[in-house]
Amino acid sequence: MFANIKNRLASVIAPDMPALPSSSDHHHAHRITSSSYHQRLVHQQQLQDKFTYSRPHFLQLLTPDELKASADHNVRPIIVPRDISLLPWGTGYAECVNSGKSEWNEDQGAFCRQVLSDPTHRYPDLPYTYFGIFDGHAGYGAALAASHQFHYILHEKLVDCLEMLLLREGMEDVAHTSLHSPNTANSIPHPSQFHRTVSKDELIMGALESAFFHMDALIAQDKDRYRDAGGCTACVSLFINGKMYVANAGDSRAVLCQRKISVENEKIPNAEAIGSEGSYAIPFSFDHTPETERTRLLGVAQYKPHLMGKFYVAMEYAKRPHEKDLGQRILCRQGTMKGWTYKTLTRDDLRMPVVTGEGKRSRLLGTLGVTRGFGDHDLLAIATGTLLKPFLTPQPDVKYKDLTKIVSIPDEQNEDGDYGVLIMATDGLWDVSENDAVARTVFQTLHKYPTERHRYTMVAQELVAKARGKINDYGHWRLADSKAAATVDDISVMVIPVYQYYKEHIEWEQRCAREYRERLKQEQLAQSAVEAKEVDAANTAGVLVNGTTEMAQVIVESPSLGHETVEKLSRENEQDAGTLQTKEQMEKNVSRIANNAEEQVKETVQEIINKVTEELDTVNLIENKSTANEKAFVVQSKSPNKTKRPKRQEDKNRQPDKR
């Protein structure tokens with residue numbers, strides 16, 4: 001009887017929620033889970049935070065008094081940066097604390113400007129800018145950790161693919177790119193052992209996705225060393241290489257507000273709409289809630305039923321079943337079904353559905369209203385103690401826009417309308433504001449302050465003020481225009497002028513083109529100098545060879561001048577070669593060629609010297625032998641014959657020529 005009364009009371013308080021399990025086994029399991037969970041909570045309270053609570057650094061709230069004033073739940077002050085130069089391109093930011101839901105503002109904002117540098121200095125550095133909005137729940141720890149660490153993780157992921165990201169059109173190695181992808185400048189060849197091509201867009205999207213998973217894993221590693229960080233959603237934008245990338249996990253949102261100028265818009269007489277004519281919003285992210293991800297969540301429960309235990313069922317009913325409907329046919333769909341079918345209701349079907357409620361009231365396991373993000377590793381379901389993390393994922397949805405393809409007419413002075421203004425905000429804004437209404441507010445405010453340096457900060461402040469509303473005499477926050485309930489959640493809004501980034505990107509491209517042309521010119525001059533040195537070295541080698549040839553000819557014609565000529569020409573050649581090397585300081589390759597030529601010349605000269613020496617030795621040997629024969633002839637004859645003496649002398653003179 002008590003269980004029935006409890007179920008009826010729960011139905012009155014939360015009509016969308018089914019009856020709670022009443023089995024004694026379920027209660028026993030719940031008590032065991034609750035006991036271990038409370039023990040862990042006690043242990044967590046003894047640990048310290050990884051990061052001390054603070055607001056975004058560009059707000060410059062440095063003292064405890066300033067932090068306390070920013071968290072006043074009664075006043076709910078709107079906080080904006082004191083120095084807008086801390087944010088790039090005049091980006092606007094504003095925030096407001098909740099009305100008492102939590103002690104501190106659990107939202108966090110972050111940005112970072114970095115450069116991807118080529119270690120070989122072959123290509124120019126590639127700059128990028130990152131912005132992030134994080135909405136915490138069950139504590140501020142996860143959002144605070146993401147704001148401090150995510151940009152480092154993202155930078156590491158981008159560095160991993162640095163070699164392919166730096167290849168730009170007009171600067172690639174033609175032989176390398178034409179082999180794999182001759183028709184697309186944006187298609188980067190994968191390593192040669194694979195048969196796939198990967199574009200730069202896929203590389204950057206992969207870096208963002210991988211960074212989300214890495215950040216979630218880092219929070220999981222810290223859960224036993226630091227106080228429980230809770231969880232947070234994440235909405236990140238990345239501006240790199242002339243494109244805008246947006247990655248989102250959770251119910252924070254990024255919307256690109258744009259505006260078209262036409263003659264019809266200028267005829268609108270409504271004074272309140274001045275400046276917002278033709279404005280429209282393009283969503284760059286989609287909320288991840290139990291309702292929008294119902295199919296995925298029911299699929300996880302259907303294929304992994306052990307995650308539900310005995311408390312939940314992977315079913316969706318057209319009408320909430322009651323115990324009195326047992327045995328009757330009901331309309332339902334199970335798991336990942338898109339259509340509806342009938343089945344006979346059993347007692348197991350009375351368990352709580354994995355997804356309950358609709359819209360902003362939808363809940364996962366009756367507990368959590370978001371299904372993607374960071375953290376929540378120890379979060380348990382209310383009343384059952386079931387772990388929620390297996391149903392959650394940090395996987396982001398990534399979209400991008402190529403800003404180089406946008407056509408803008410300068411005479412219209414509608415750059416913010418053509419390129420758009422990116423609004424990144426937590427659900428505190430989107431709970432009470434439609435996308436198109438935000439776009440109208442953006443361009444109305446910009447029209448009101450056309451030249452103000454703080455104009456984008458004023459847009460952020462106006463959006464936060466409208467969502468926060470005003471407090472009435474009863475202490476309730478109400479929207480100023482409709483008197484409906486205003487948001488009681490934390491509100492954080494970032495306003496990014498996309499055109500300001502694109503101008504910076506164009507200037508960077510022009511600077512890179514100039515540097516590239518100068519580098520090509522220097523390389524051409526250096527190549528010409530090397531070729532000239534090689535020609536001089538070749539000429540020098542030719543001179544050395546010619547001199548050696550002349551020396552060899554002199555030696556053959558005049559053996560008696562051999563040694564003197566060799567020494568003289570060798571000294572001249574050595575002096576010429578030494579003077580040339582000292583004077584011009586030829587490069588390594590030219591020196592190698594000259595040295596080889598000189599060694600060949602020396603070897604040739606040495607061979608000629610050896611041959612000449614052999615000839616001289618032969619001549620001397622013949623002369624000695626001839627002299628000996630003459631003496632022997634004189635001894636044998638014993639009588640000198642003066643008439644025959646000249647003949648022997650003539651023969652003696654002719655013998656060397658014959659030999």
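**The open sheet and its helices**

A: In this predicted model, helix α12 (residues 435-448) lies across β8 (253-259), β9 and β19, and runs at about 130° to β9. Helix α13 (residues 455-468) lies across β1, β19 and β22, and its direction makes an angle of about 25° with β1.

The strands named here belong to an open sheet of five strands, with the order β1-β22-β19-β8-β9 and antiparallel pairing. At the edges are β1 (92-96) and β9 (279-283), each of which pairs on one side only. On average, neighbouring strands of this sheet are turned by 20° against each other, with direction ignored.

Within the sheet, β19 (residues 421-425) pairs with β22 (residues 491-497) in the antiparallel sense, over five bridges. For Ile423, the bridge partner in β22 is Val495.

A separate site can be described at the level of single residues. Thr393 lies in the loop between β17 (374-375) and β18 (397-402). Thr393 counts as buried because its relative accessibility is 14%, and the cut-off for buried is under 20%. Leaving out residues up to four places away in sequence, Thr393 touches Phe213, Arg296, Thr371, Arg372 and Gly373. A polar atom of the Thr393 side chain also lies 3.1 Å from the backbone nitrogen of Gln395.

Note on methods: Residues numbered from 1 in each chain as written. Predicted model: local features only at pLDDT ≥ 70, side-chain atom pairs only at ≥ 80, totals over all residues. Heavy atoms only, no water. Pairing = 2+ DSSP bridges. Helix = DSSP H or I, 4+ residues; strand = E, 2+ residues; numbered from the N terminus. Axes fitted to C-alpha atoms, helices over the stretch in contact; angles between N-to-C directions. Contact = heavy atoms within 4.5 Å. Buried < 20%, exposed > 50% of the residue type's maximum accessible area, 1.4 Å probe, protein only. Polar contact = N/O pair within 3.5 Å; in protein donor to acceptor, adjacent residues only side chain to side chain.
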